[in-house]
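The exercises below concern helix packing, nonpolar cores and individual residues.

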Amino acid sequence: MDINILIWSFLIIFMLHNFEEIIMIENWFHKKYPKIRERIPPFVIKELEKTKNTTAVQFSIVVCLLSIVAAAIVLVTVITDQYFLFFGLNIVFALNIFTHPLQSILLKCYVPGLWTTLLLIIPYNIIVYMQFYAQDILNLTTGVYSLFVIIPFIPMFLLSHWVAKKLAFHLER
C-alpha cells in the first residue's frame with residue numbers, strides 16, 4: 001500500500017469523524033447531558049459545564065481551524081517524507097480510540113463521535129500502524145520526533161476553542 005495515500009486519507013477520516021460530532025454535539029448536550037449528569041464525576045462536570053453551551057457553529061470553527069493545521073501537516077509530510085509529522089498528528093487524533101468508547105461506557109449512552117471512532121478511526125489506525133511498521137517508519141526516532149507535533153498541538157487545540165468562541169459570538173448575533 002502506498003503510504004502517501006494512507007496519509008492523505010487521514011483528512012477524510014478526520015472530517016467524517018468531526019462531521020458526526022458537529023451534527024450531534026448541540027442536540028446531545030441539550031437532550032442527553034441533563035439526563036446523565038448524575039453519572040458524571042464532579043471534576044468532569046466542572047469541565048463539561050464550561051463547554052455545554054458550545055454550539056455547532058463554534059465546534060465547526062474549531063474543526064475548520066484544526067483541519068487547516070492537519071492539512072498543512074499532511075502536505076508537508078507527503079512532500080518531505082518527514083513521517084514523524086504525520087505520526088504526531090495521528091497520535092493526537094488517535095486519542096479518540098480511547099476517549100469516545102470510554103465516555104460511552106462510563107455514561108452508558110451514545111456520545112458524539114462514537115460511531116466514526118469504532119467504524120473508521122480504529123480500523124484506519126490498525127492499517128496505519130501496520131503499514132508504518134512494515135515500511136520501517138514506526139521506530140523510536142519517529143516516536144520521539146512526533147513529540148514536536150504533539151506538544152504544540154495541545155495549545156493550538158485550546159487556542160482554536162478560544163478563537164471559535166470569539167468568532168462564533170460575532171457570527172451568531
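This is a predicted model: local features need pLDDT of at least 70, side-chain atom pairs count only at pLDDT 80 or more; totals for chains, interfaces and linings use all residues.

Residues are numbered from 1 along each chain as its sequence is written, and side-chain values use heavy atoms, with hydrogens and water left out.

**Exercise 1. The pair H4 and H5**

Describe how H4 and H5 pack, and state which residues make the contact.

Solution. Step one is to locate the elements: H4 covers residues 56-80 and H5 covers residues 83-94. Helices (H or I, at least four residues) and strands (E, at least two) are DSSP runs, numbered from the N terminus.

Step two is the geometry. Two packed helices are described by the angle between their axes and the distance between the axes. For H4 and H5 the angle is about 150° and the axes are 7 Å apart. H4 is therefore roughly antiparallel to H5. Axes here are lines fitted to C-alpha atoms, for helices over the stretch in contact, and angles run from 0 to 180 degrees between N-to-C directions; angles under 35 degrees count as roughly parallel, over 145 as roughly antiparallel, 65 to 115 as roughly perpendicular and the rest as oblique.

Step three is the handedness: H4 and H5 cross in a left-handed sense. A crossing is left-handed if the near helix is turned anticlockwise from the far one by less than a right angle, and right-handed if clockwise.

Step four is the contact (heavy atoms within 4.5 Å). H4 contributes Ala70, Ile73, Val74, Val76 and Thr77, which meet Tyr83, Leu85, Phe86 and Leu89 of H5. Eight residues of the contact of H4 with H5 are nonpolar, one is polar and none is charged. In this classification Ala, Val, Leu, Ile, Met, Phe, Trp, Tyr, Cys and Pro count as nonpolar, Asp, Glu, Lys and Arg as charged, and the others, Gly among them, as polar.

**Exercise 2. Thr77**

Is Thr77 buried or exposed, and which residues does it touch?

Solution. Thr77 is found in H4. Its relative accessibility is 0%, and therefore Thr77 counts as buried (buried is under 20% relative accessible area, exposed over 50%, partly exposed in between, with a 1.4 Å probe and protein chains only). Not counting residues up to four places away in sequence, Thr77 touches Ile7, Gln82, Tyr83, Leu85 and Phe86.

**Exercise 3. H1 against H7 and H5**

Determine the orientation of H1 relative to H7 and to H5.

Solution. Begin with H7. H1 and H7 pack at about 165°, with their axes 10 Å apart. The two helices H1 and H7 are therefore roughly antiparallel, and their crossing is left-handed. The contact includes Ile7, Phe10 and Glu20 of H1 and Leu120, Tyr124 and Phe132 of H7. Its residues divide into 14 nonpolar, five polar and one charged.

Continue with H5. H1 and H5 pack at an angle of about 30°, with axes 12 Å apart. H1 and H5 are therefore roughly parallel to each other; this crossing is left-handed. Among the residues that meet are Asn4, Ile7 and Phe14 in H1, and Phe86, Asn90 and Phe93 in H5. By class, the contact of H1 with H5 has nine nonpolar, three polar and no charged residues.

**Exercise 4. The nonpolar cores**

Which members of the largest nonpolar core touch the most other members?

Solution. A nonpolar core is a set of buried Ala, Val, Leu, Ile, Met, Phe, Trp, Tyr and Cys residues joined through side-chain atoms within 4.5 Å. The largest has 30 residues, of which Ile7, Phe10, Val74, Phe86, Leu89 and Phe132 touch the most other members. At least two residues of this core come from each of H1 (3-31), H4, H5, H7 (114-134) and H9 (147-171). Another core, of 16 residues, lies apart from it, with Ile36, Phe59, Leu107 and Cys109 among its members.

Leaving aside neighbours within four places in sequence, Val74 is in contact with Ile7, Trp8, Phe10, Leu11, Phe86 and Leu89.

**Exercise 5. Loop residues with positive phi**

Where do Lys108 and Asp136 lie, and what is the phi of Lys108 and of Asp136?

Solution. Lys108 lies in the loop between H6 (96-107) and H7. Although not a glycine, Lys108 has a positive phi of about 55°. Its relative accessibility is 67%, so Lys108 counts as exposed. Asp136 is in the loop between H7 and H8 (140-145). Asp136, also not a glycine, has a positive phi of about 60°. With a relative accessible area of 58%, Asp136 is exposed.
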